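Please read it alongside the model.

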Amino acid sequence: MDQRICIKFCVKNVIKCNKVCEMLTKAYGDSAMSKTRVYERYKRFQDSREDVEDDERPGRPSTSTTNENVEKVKEMVMNDRRITIREVADDVGISIGSCHEIFSNVLGIKRVAAKFVPKLLNFEQKQRRMEVAQESLNEVNDDAELLKRVITGDETW
């Protein structure tokens, strides 16, 4: 949006399009608009266009990833983490692809071992996972020590 405003400003001040491209590249670096898009926008503003917003595009807007559907999906998954994507899609009344979209991009969860879990763990979850692993490791070491005493005939156990 900012770049379009810059292009419009340059058109109003009669700055050549190739100079506009150079200025945008210098100002925005890698995130600058491509030369083709700059020339398109430049031409539109030369032809008396005033609006910097995009034109309406044909096509149907997405109706599957609404807040209502996202909440339904989230509630279903939290109630039963072993539910299948097909079951969720059927119950909510959306396509399986839309269900995948909600799981991965909106809710940020994925299926691991037939159960939906968050993609990223927060610090407390990582810490708890480390504690549980350490406790399990200590139990294994204690059991190994006991087994070693039994095998060697040490009856101090």
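The model is predicted: local features need pLDDT of at least 70, side-chain atom pairs count only at pLDDT 80 or more, and totals for chains, interfaces and linings use all residues. Residues are numbered from 1 along each chain as its sequence is written, and side-chain values use heavy atoms, with hydrogens and water left out.

**Helix 1 and helix 3**

- The axes of helix 1 (residues 2-12) and helix 3 (residues 35-46) come within 9 Å and cross at roughly 50°; axes are lines fitted to C-alpha atoms, for helices over the stretch in contact, with angles from 0 to 180 degrees between N-to-C directions.
- Helices are DSSP runs (H or I, at least four residues), numbered from the N terminus.
- R4, I7, K8 and V11 of helix 1 meet V38, R41, Y42, F45 and Q46 of helix 3, where contact means heavy atoms within 4.5 Å.
- The residues of this contact divide into five nonpolar, one polar and three charged; Ala, Val, Leu, Ile, Met, Phe, Trp, Tyr, Cys and Pro count as nonpolar, Asp, Glu, Lys and Arg as charged, and the others, Gly among them, as polar.

**M33**

- M33 is in the loop between helix 2 (17-28) and helix 3.
- Its relative accessibility is 21%, so M33 counts as partly exposed, the class between buried (under 20% relative accessible area) and exposed (over 50%), with a 1.4 Å probe and protein chains only.
- Not counting residues up to four places away in sequence, M33 touches Q3, I7, V38 and R41.
- From M33 to C21 the C-alpha distance is 8.3 Å, at a separation of 12 residues in sequence.

**Helix 5 and helix 6**

- Helix 5 and helix 6 pack at about 105°, with axes 9 Å apart, and are therefore roughly perpendicular.
- I85, R86, V88 and A89 of helix 5 make the contact with I96, C99, H100 and F103 of helix 6.
- This contact divides into six nonpolar residues, one polar and one charged.

**Nonpolar cores**

- In the largest nonpolar core, of 14 residues, V73, V77, V88, V92, I94, C99 and F103 touch the most other members; a core is a set of buried Ala, Val, Leu, Ile, Met, Phe, Trp, Tyr and Cys residues joined through side-chain atoms within 4.5 Å.
- Helix 4 (67-79), helix 5 (85-92) and helix 6 (96-107) each give two or more residues to this core.
- Apart from this core lies another, of 11 residues, among them I7, C10, V20 and V52.

Note on methods:
Parallel < 35°, antiparallel > 145°, perpendicular 65-115°, else oblique.
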